Amino acid sequence: MLSEAQMYKALVAKDVSFEGSFFAAVKTTGIFCRPTCRARKPKKENVEFYKTTREAILHGYRPCKVCNPLELPNQTPEYIKLLLHELGSDPSLKFKDWDLRQKGVDPSKIRRWFLQHHGITFHAYQRMHRINSAFKKIRDGMDITNTAFDVGYESLSGFNDSFKSIFGVSLF
Ligand SMILES: [Zn+2]
């Protein structure tokens with residue numbers, strides 16, 4: 001079992017031997033990283049450590065665009081990298097099975113890949129990513145109505161229901 005002090009030390013040192021053993025989530029940015037991320041390292045009091053990408057996502061974090069923690073070195077198909085990149089730039093995107101097929105992607109393949117590597121389906125990931133982006137915007141002071149439409153919800157009540165199912169609290 002790694003202690004927080006060990007993980008923080010590895011994070012600052014960008015120690016490659018810790019790759020895959022933990023993920024570092026930064027409270028101030030809402031982003032989570034691999035230990036070896038090249039981005040500037042956060043202060044210790046702003047970091048939360050998670051063993052899996054799933055835990056970080058379920059705690060409201062989005063993947064870092066510098067170290068791409070959802071991609072596995074040399075094991076991530078190109079089409080998945082592209083989809084993750086698109087979602088990273090615009091969390092309001094929703095790739096349904098139909099959209100995936102239009103892109104020439106087999107929905108069952110991507111579902112399996114996500115489940116196998118991140119413990120959630122691709123659709124669940126997209127939903128979490130949207131709500132996590134919204135969570136950060138609201139925390140930064142953006143109003144709830146604008147946030148809901150900004151991240152692609154069609155109604156405020158739908159947004160509130162999703163938020164409640166994930167964070168356990170209502171927005172209003
Ligand atoms: Zn990073």
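This is a predicted model: local features need pLDDT of at least 70, side-chain atom pairs count only at pLDDT 80 or more; totals for chains, interfaces and linings use all residues.
Q: What does A25 stand opposite in β3?
A: In β3 the residue opposite A25 is E48, and β1 and β3 pair in the antiparallel sense over 4 bridges.

Q: Which residues are buried on each side of β1?
A: F23 and A25 are buried on one side, while A24 and V26 are buried on the other, so that both faces of β1 are covered.

Q: Where is Y50, and which residues is it in contact with?
A: Y50 is found in strand β3, residues 47-50. Leaving aside neighbours within four places in sequence, Y50 is in contact with F22, F23, A25, E55, A56 and H59.

Q: Why does Y50 count as partly exposed?
A: Y50 has 18 other C-beta atoms within 10 Å, whereas a residue needs 20 or more to be called buried and 12 or fewer to be called exposed.

Q: Switching to helix α5, what span should it have, and what are its end C-alpha atoms doing?
A: Helix α5 has 12 residues, 107-118, which at 1.5 Å a residue should span 16 Å, and its end C-alpha atoms are 16 Å apart, which agrees.

Q: Which residues of α5 are buried?
A: The buried residues of α5 are I110, F114 and H118. They cover an arc of only 35 degrees around the axis, which puts them on the same side of α5.

Q: What do those pack against, and which residues are exposed on the other side?
A: The buried residues of α5 pack against α2 (53-58), α3 (78-89), α4 (97-102) and α6 (122-139). On the other side of α5, S108 and Q116 are exposed.

Q: What comes just after α5?
A: Just after α5 there is G119, which takes a positive phi of about 70 degrees.

Q: Which residues other than glycine have a positive phi?
A: K14 is one of them, with a phi near 50 degrees, and N68 is another, with a positive phi of about 40 degrees.

Q: Where do those two sit?
A: K14 lies in the loop between α1 (4-13) and β1 (23-26), and N68 lies in the loop between β4 (62-63) and α3. K14 counts as partly exposed because it has 15 C-beta neighbours inside 10 Å, and N68 is partly exposed with 18 other C-beta atoms within 10 Å.

Q: Last topic, what are the domains, and how many residues are in contact?
A: The domain assignment gives domain 1 as 4-63 and domain 2 as 78-167, and their C-alpha centres lie 21 Å apart. In domain 1, 8 residues are in contact with 10 residues of domain 2.

Q: Which element gives the largest share of the domain 1 side?
A: The largest share of the side of domain 1 that touches domain 2 comes from α2, with 3 residues, and the residues of that side divide into 2 nonpolar, 4 polar and 2 charged.

Methods: Residues are numbered from 1 along each chain as its sequence is written. The expected span of a helix is 1.5 Å times one less than its number of residues. The arc is that of the directions from the helix axis to the C-beta atoms. Two residues are in contact if their C-beta atoms, placed from the backbone, lie within 7 Å. Domain bounds come from an automatic or database domain assignment. Ala, Val, Leu, Ile, Met, Phe, Trp, Tyr, Cys and Pro count as nonpolar, Asp, Glu, Lys and Arg as charged, and the others, Gly among them, as polar. Two strands pair if DSSP finds at least two bridges between them.
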